Amino acid sequence: MDIGIGLPSTVPGVDGESLLDWARRADRRGFSTLGTIDRIVYPNYEPLIALAAAAAVTERIRLTTAILIGPLRQNAVLLAKQLATVHHLSGGRLVVGAAPGGRQDDYEVSGIDMSTRGRAFDRQLEEMKRVWAGEEKGFAGPVGPNLDEPPQLLMGGSVDASFRRAAEYGDGWIMGGGDPAGFTKAVQRLEDAWNAAGRQDTPRKAALTYFSLGPDADKNAAWYLGDYYGWLGEDVTRGMAEHAARDQETVAQRVAMFEEAGCDELIFFPCSSDPEQVDLLADAVPVSARP
């Protein structure tokens with residue numbers, strides 16, 4: 001199982017210097033990917049811009065949107081071009097995780113009807129696939145940059161439509177938080193959808209989880225997760241903070257359990273923007289899976 005690490009692009013107070021230092025360290029320490037999550041109504045960096053910056057200071061590590069809220073970006077052709085640009089600039093390292101999202105305020109501030117986001121997302125995925133395949137759009141031909149291979153596409157979400165989209169448009173599915181038991185149940189739904197669509201290949205299965213290490217681990221997990229997910233209520237965010245991997249033993253257990261559940265890549269997202277967290281996590285990962 002690959003072990004990735006999230007960029008601290010949604011941690012309040014992050015700055016460009018620490019973000020780039022984080023990316024360089026993650027590249028050196030062998031992590032499989034740098035991940036981003038997505039919000040509009042929050043003091044975070046926009047994920048594609050953050051990944052483009054990370055791409056410029058790294059050489060081999062993949063770049064994953066885990067996930068990008070697709071329908072908030074209504075111009076599907078422009079979004080396809082932006083994603084293709086990051087993919088091309090990085091030498092083919094982009095992995096696109098995408099989903100419709102579920103925060104009302106992000107849709108309201110964007111002037112987009114949240115109730116129609118599922119249908120809009122399907123249309124967007126269809127259009128992006130056509131763009132990446134080189135479909136001609138005008139006098140100059142296709143929308144570039146031209147790609148040897150399109151970005152790998154993973155669908156997020158937990159409703160039936162999420163697994164249907166993964167089988168219809170994607171290369172796999174990514175779980176946006178949860179435990180290994182929930183992952184196992186979701187994988188069965190993914191495989192059912194895959195078989196129903198007549199797919200002969202094997203879907204890629206990924207998940208994200210949270211970590212917070214070092215002397216301020218408890219404080220940072222409670223502060224960040226309570227702030228970022230505060231709209232879900234205090235009880236939920238308290239549970240999330242308690243579930244975050246806050247010591248080396250828990251990191252090792254989390255890795256082992258997700259690997260046993262059939263996960264192909266587990267991405268640990270941080271609760272602090274201190275680049276030292278990269279090295280703490282790398283040292284905490286079991287030797288057999290250490291980046």
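**View 1. Ten aromatic pairs are counted in this predicted model****.** Rings of Phe, Tyr and Trp (for Trp, its six-membered ring) pair if their centres lie within 6.5 Å, and planes under 30 degrees apart count as stacked, over 60 as edge-to-face and the rest as tilted. The pair of Trp173 and Phe183 is tilted, because the ring centres are 5.9 Å apart and the planes stand at 35°. This pair links distant parts of the chain, since Trp173 belongs to strand 8 and Phe183 to helix 7 (residues 180–196), ten residues apart. Helices (H or I, at least four residues) and strands (E, at least two) are DSSP runs, numbered from the N terminus. Both Trp173 and Phe183 are buried, where buried means under 20% relative accessible area, exposed over 50% and partly exposed in between (1.4 Å probe, protein chains only). The model is predicted, and local features need pLDDT of at least 70, side-chain atom pairs count only at pLDDT 80 or more, and totals for chains, interfaces and linings use all residues. Residues are numbered from 1 along each chain as its sequence is written, and side-chain values use heavy atoms, with hydrogens and water left out.

**View 2. Phe211 and Phe268 form an edge-to-face pair****.** The centres of the two rings are 6.3 Å apart and their planes lie at 80°, so the pair of Phe211 and Phe268 is classed as edge-to-face. Because Phe211 lies in strand 9 and Phe268 in strand 10 (residues 265–270), the pair ties together parts that are 57 residues apart in sequence. Phe211 counts as buried, at 0% relative accessibility, and Phe268 likewise counts as buried at 0%.

**View 3. Ring pairs link a cluster that includes Tyr228****.** The cluster consists of Tyr42, Tyr210, Tyr224, Tyr228, Tyr229 and Phe269, linked by ring pairs. Over the ring of Tyr228 sits the charged end of Arg39, 4.5 Å from the ring centre; a charge sits over a ring if NZ of Lys or CZ of Arg is within 6 Å of the ring centre and within 35 degrees of the ring normal.

**View 4. The largest pocket holds about 1000 Å³ of space****.** A pocket is an open set of points on a 1 Å grid over the protein atoms alone, where a 1.4 Å probe fits, with protein on both sides within 12 Å along at least five of seven lines, and lining residues have an atom within 4 Å of a point. Its volume is the space filled by probe spheres set on the points, which are joined across faces, edges and corners. The lining of the largest pocket numbers 37 residues, and Ile67, Gly176, Gly177, Tyr229 and Trp231 lie nearest the centre. Among the elements that each supply at least two lining residues are strand 3 (62–69), helix 5 (117–132) and helix 9 (234–243). By class, this lining has 19 nonpolar, twelve polar and six charged residues, where Ala, Val, Leu, Ile, Met, Phe, Trp, Tyr, Cys and Pro count as nonpolar, Asp, Glu, Lys and Arg as charged, and the others, Gly among them, as polar.

**View 5. The second largest pocket has a volume of about 170 Å³****.** Its lining includes Pro71, Arg73, Asp113 and Phe121, and helix 5 gives the largest share of that lining, four residues. The lining of this second largest pocket comprises five nonpolar, three polar and three charged residues.
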